[in-house]
Amino acid sequence: MARTTEEKAQDYTAMGHSVDLITAVIAGSQMADDEATDRQDCVDRNVEHLELMVAKDDWGSEDMTAVNAAVTAGKGYTA
């Protein structure tokens, strides 16, 4: 079933939240007091989410530059 324009907008917003979280965990501004395994799990889960979402074939003109950068950074991250 095809996503509506509203659903795509919501998904894109959620992807932005994942980008922000991955970036913040890597920078040490979020989850700094959490265990390394928890930080790693958070980054890995969010990278997986972004990969699943960016692979959808019904995107329009949405800019995936930050998403792709966060995926790359997240894959290179070791807590």
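## Packing of H1 and H3

In this predicted model, helices H1 and H3 cross in a left-handed sense. H1 spans residues 5-27 and H3 spans residues 65-75; their axes come within 9 Å and cross at roughly 40°. H1 is therefore oblique to H3.

On the H1 side, the contact is made by Met15, Val19, Ile22 and Ile26. H3 contributes Ala66, Val67, Ala70, Ala73 and Gly74. Sorted by class, the contact of H1 with H3 has eight nonpolar residues, one polar residue and no charged residues.

## Nonpolar core

The largest nonpolar core has 15 residues, and those touching the most other members are Met15, Ile22, Val43, Leu50 and Val67. At least two residues of this core come from each of H1, H2 and H3. H2 supplies the largest share, five residues. Among the residues named for the core, Met15, Ile22 and Val67 also take part in the contact between H1 and H3.

Leaving aside residues up to four places away in sequence, Leu50 touches Met15, Ser18, Val19, Ile22, Val67, Ala70 and Val71. In soluble globular proteins, nonpolar side chains tend to be buried together.

## Met31 in the loop

Met31 is found in the loop between H1 and helix H2, the latter covering 36-54. The phi of Met31 is positive, about 65°, although this residue is not a glycine. Most residues other than glycine have a negative phi.

Met31 has a relative accessible area of 22%, so the residue is classed as partly exposed; buried would require under 20%.

Definitions and conventions: Residues numbered from 1 in each chain as written. Predicted model: local features only at pLDDT ≥ 70, side-chain atom pairs only at ≥ 80, totals over all residues. Heavy atoms only, no water. Axes fitted to C-alpha atoms, helices over the stretch in contact; angles between N-to-C directions. Helix = DSSP H or I, 4+ residues; strand = E, 2+ residues; numbered from the N terminus. Parallel < 35°, antiparallel > 145°, perpendicular 65-115°, else oblique. Left-handed = near helix turned anticlockwise from the far one by under 90°. Contact = heavy atoms within 4.5 Å. Nonpolar A, V, L, I, M, F, W, Y, C, P; charged D, E, K, R; others polar. Buried < 20%, exposed > 50% of the residue type's maximum accessible area, 1.4 Å probe, protein only. Core = buried A, V, L, I, M, F, W, Y, C linked by side-chain atoms within 4.5 Å.
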